[in-house]
Amino acid sequence: MARSATVQTLVGLLLAFSSAVKASPEQILCDTIKTKLGNDTVQATDSTYEALSIENWSQTAWAKPTCIIQPSNVEELTYAVSTIVGQKVQFAVRSGGHSVVPGAANINEGVLIDMVNFNSVEYDANKKVATVGSGLRWKEVYTALDPYNVTVVGGRVPEVGVGGLVLGGGLSYLSDLYGLACDNVVNFEVVTARGKVVNANATSNTDLFWSLKGGANNFGIVTKFTLKAYDIHDAWGGIRVYSLDALPALFDAMYQYQSVANKDPYANIMLQAFPTNASVGAILDIVYLKPEEEPEAFAPFRNITALADQTKLQTLTELMLAAPVPELTRVNWFSSSFTNDKQLFNQVADIVTKAPEIEELSNLTAGSLAFGWQPISSSAVLAGHASGGNPLGLQPVNQTWLVLDVGWWNSEDDELAHNYTLGIIDKVDAASKNSSNYVNYIFMNDAAADQPVIEHYGENNVAKLKATARKYDPDHVFQNLASGGFKLPRDT
């Protein structure tokens, strides 16, 4: 209490001084925190500031925070949060910075809390769990666990941050076996808006535990995730490259693959295609979570001629690290979900390859469109239910989570790129609704900023999320001061 009073007095004196020098409240706050944290606070005049402010993957998420705080431990984080909240300054929190949503993991004229120093990986072989810091990227988690021949249910793209993926749900190559990444959390260590450290798990703070499984940054700042670990290390798979002319055959094969009554849960596949770039064509990302070549689950794709085939026996980590990640300047994406239906698959295939908006996108400077076809088995949803459930509102049926990725060069084209891609996803949603195959779920990790993700979790689940927020954040800090990302729906 004495330290808190001293800090508040210091901030008050600095605020009084600011009226003479015209310093902003945000700058005064940053100066105050720097006196406590030293080099863990990066100001705009520091040599490392520029690189840190644009570390986010997409330029749509670049910003100019007043300062960037990189706490080294929970004590420094609780001090920073208490001070920021006490002065009612806007802030954002960054794990890996892969989100394309403006304001979700960066901020203009506010404080960016960069979790990069929460970077430990601890494996407990007896309990079969790994405790990982929220500032890590998945490649760091996987490589740390490889010596133990285990892995966790985490991101498919190794450069993605741990925090954002888990709190958004998190699709994994292990999901058909064990559920989403959020379903495999044993414990969340959380700093609340009032600077209190709490643990949320199956026996303590159970409402918060449930809410964090897809509830995003609405309740506190997660510092550590304790995750279930599994004996999966060696795998078979890789990418196969096709021409765009092969898409009809690939869609037919995908329908066969997804229509199997009891799909092999060790088999994973994702179809990506680039209708604006025939030189890239289509890519099939194939993963089998056992060291077995050409398993029967992928039989529907065997007779489709590939331009290149990189499938082989390797570790799962090697497989993921070898997958290509496009280097784009400005990126956005949209998500849609639907159940299996051959006629609908054909309609969606036509939409994502022939919609007039695709040509409009290609006319933008460096304009490009890719779609990702992600099969989700009912077993993934059932595994989540068996792990205590989550707020997502998913039904245990085979379904597809479609993502549209759009890239372009100039900020002046942001609105056009958004609207053209929105037009395509609206067509997909309309087709699935007309065929009664629409799934009322928007996958947060693939969603655009204006897609109503949490609203689609269902009325009862939203009510429970709001009750959790009122309990752990009664001052609405994570709705009003940390206003970026996917927020809880406002009461009307």
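**Exercise 1. Locate asparagine 149 and state whether it is buried, partly exposed or exposed.**

Solution. Asparagine 149 sits in the loop that runs from helix 5 (138-145) to strand 7 (151-152). Helices (H or I, at least four residues) and strands (E, at least two) are DSSP runs, numbered from the N terminus. The model is predicted: local features need pLDDT of at least 70, side-chain atom pairs count only at pLDDT 80 or more, and totals for chains, interfaces and linings use all residues. Residues are numbered from 1 along each chain as its sequence is written, and side-chain values use heavy atoms, with hydrogens and water left out.

Next, the accessibility. Buried means under 20% relative accessible area, exposed over 50%, and partly exposed in between (1.4 Å probe, protein chains only). Asparagine 149 has 42% relative accessibility, so it counts as partly exposed. Last, the backbone: its phi is positive, about 60 degrees, although asparagine 149 is not a glycine.

**Exercise 2. Which residues does threonine 192 contact, leaving aside its neighbours within four places in sequence?**

Solution. Start with the position: threonine 192 lies in the loop between strand 8 (185-191) and strand 9 (197-201). Contact means heavy atoms within 4.5 Å. With those neighbours left aside, the contacts of threonine 192 are Val81, Val198, Tyr472 and Phe478. The relative accessible area of threonine 192 is 5%, so this residue is buried.

**Exercise 3. Describe the packing of helix 9 against helix 11.**

Solution. Two packed helices are described by the angle between their axes and the distance between the axes. Axes are lines fitted to C-alpha atoms, for helices over the stretch in contact, and angles run from 0 to 180 degrees between N-to-C directions. For helix 9 (residues 247-258) and helix 11 (residues 342-354), the axes come within 10 Å and cross at roughly 140 degrees.

Then list the residues that meet: Leu247, Phe251, Asp252, Tyr255 and Gln258 from helix 9, and Lys342, Phe345, Asn346, Ala349 and Thr353 from helix 11.

**Exercise 4. How many helices and strands does the protein have?**

Solution. The protein has 16 helices and 18 strands. Of its 492 residues, 57% count as buried. The C-alpha atoms fill a box of roughly 75 × 55 × 45 Å, taken along the principal axes.
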